[in-house]
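Hello,

Here is the structure I promised to pass on to you. My notes on what turned up in it follow just below.

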Amino acid sequence: MNDLIKAINELKKEKNAIILGHYYQKGEIQDIADYVGDSLALAQWAAKTEADIIVMCGVHFMGETAKVLCPDKKVLVPDMNAGCSLADSCPADKFAQFVKEHPGYTVISYVNTTAAVKAVTDVVVTSTNAKQIVESFPQDEKIIFGPDRNLGNYINSVTNRNMLLWDGACHVHEQFSVEKIVELKAEHSDAIVLAHPECKSTVLKLADVVGSTAALLKYAVDHPEKKYIVATESGILHEMQKKCPQTTFIPAPPNDSTCGCNECSFMRLNTLEKLYECLKNESPEITVDPEVAKKAVKPIQRMLDISA
Ligand code: 13P
């Protein structure tokens, strides 16, 4: 493994490449990445890097977002099959039709979408800035919010709005078990429940803190003396435990404990071996239709400007 890490670092230097990793990646990928962050941070780093090659250790839409922001750079992903159930729940043609059927609506899309969906969007959001961006519109603005119904419902509740929601969801966040979290809370009465807003409202009701991966991590780092039950993809526990080595973090269990579904199987497709091969061969490479990219860059840039 040490040889592989050395070889990746050498290739990275030789090719002036940067490795960006999401918090849901395997620990060894997070450890070798130049930057580890949430979806917003990954887009921000991609937008400002001077590297010639961006290796996006995350899922396909994250690579697409980087490519749309940096059309002249080579954007690689270690495994092209690293997709996203949430992005898949919102096919671009169906979403475009939905938008067409609702003239006069502002379209806000979660970053977990294809570039083609972003191309029919007014402004992109991540879980870090969704509330702030929705609140930047007048209270009576007519808004379509897609594709995550759980995040949409949550933002509706905290902003007192009634945005029209697309009916999509993340297969990992949908799976957390209310009953098992209640049992864990009874067992660890001093534990704080941290939950990502992609979880169902019944899980969010049990949460003490609702936020993006970066926000949940920050809360734990600011309060390392507490104990935590963590309702998001369990890859985040790697960084939590690294930053707070004395703290107890308990991953929230899914409904079916045999399926390992608090791990995103797409995120876990990326491995050190594939990362090495992808840097060596400069493949697989993300491509985005230039016409789609020209439209998709506007709502992404708008998000970055609002979040700056
Ligand atoms: P954040 O990185 O914005 O927390 O969202 C994670 C994600 O992609 C959930 O599917």
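This is a predicted model, and the protein averages a pLDDT of 96, with 98% of the residues scoring at least 70. For the complex, the predictor gives an ipTM of 0.95 and a pTM of 0.95.

Let me start with the overall layout. The protein is divided into domain 1 (2–82 + 267–288), domain 2 (86–169 + 296–307) and domain 3 (173–251). The centres of domain 1 and domain 2, taken over C-alpha atoms, are 26 Å apart. Their contact takes 12 residues from domain 1 and 14 residues from domain 2. On the domain 1 side, the elements that give two or more residues are α3 and α4 (60–69). By class, that side has 7 nonpolar, 3 polar and 2 charged residues.

Helix α3 (residues 39–48) also packs with helix α15 (residues 290–307): their axes come within 11 Å and cross at roughly 100 degrees. The two helices are therefore roughly perpendicular to each other. Leu40, Ala43, Gln44 and Ala47 of α3 make the contact with Ile300, Leu304 and Ser307 of α15. This contact has 5 nonpolar, 2 polar and no charged residues.

Asp38, Ser39, Leu86, Asn112, Thr126, Ser127, Thr128, Cys170, Glu198, Ser212 and Thr213 surround the ligand. By class, this shell divides into 2 nonpolar, 7 polar and 2 charged residues. Domain 2 and domain 3 both give residues to the shell, so the ligand lies between them.

Best wishes

Terms used: Residues numbered from 1 in each chain as written. Predicted model: local features only at pLDDT ≥ 70, side-chain atom pairs only at ≥ 80, totals over all residues. Near = placed C-beta within 6 Å. Nonpolar A, V, L, I, M, F, W, Y, C, P; charged D, E, K, R; others polar. Domains from an automatic or database assignment. Axes fitted to C-alpha atoms, helices over the stretch in contact; angles between N-to-C directions. Helix = DSSP H or I, 4+ residues; strand = E, 2+ residues; numbered from the N terminus. Parallel < 35°, antiparallel > 145°, perpendicular 65-115°, else oblique. Contact = placed C-beta atoms within 7 Å. pLDDT = per-residue confidence, 0-100.
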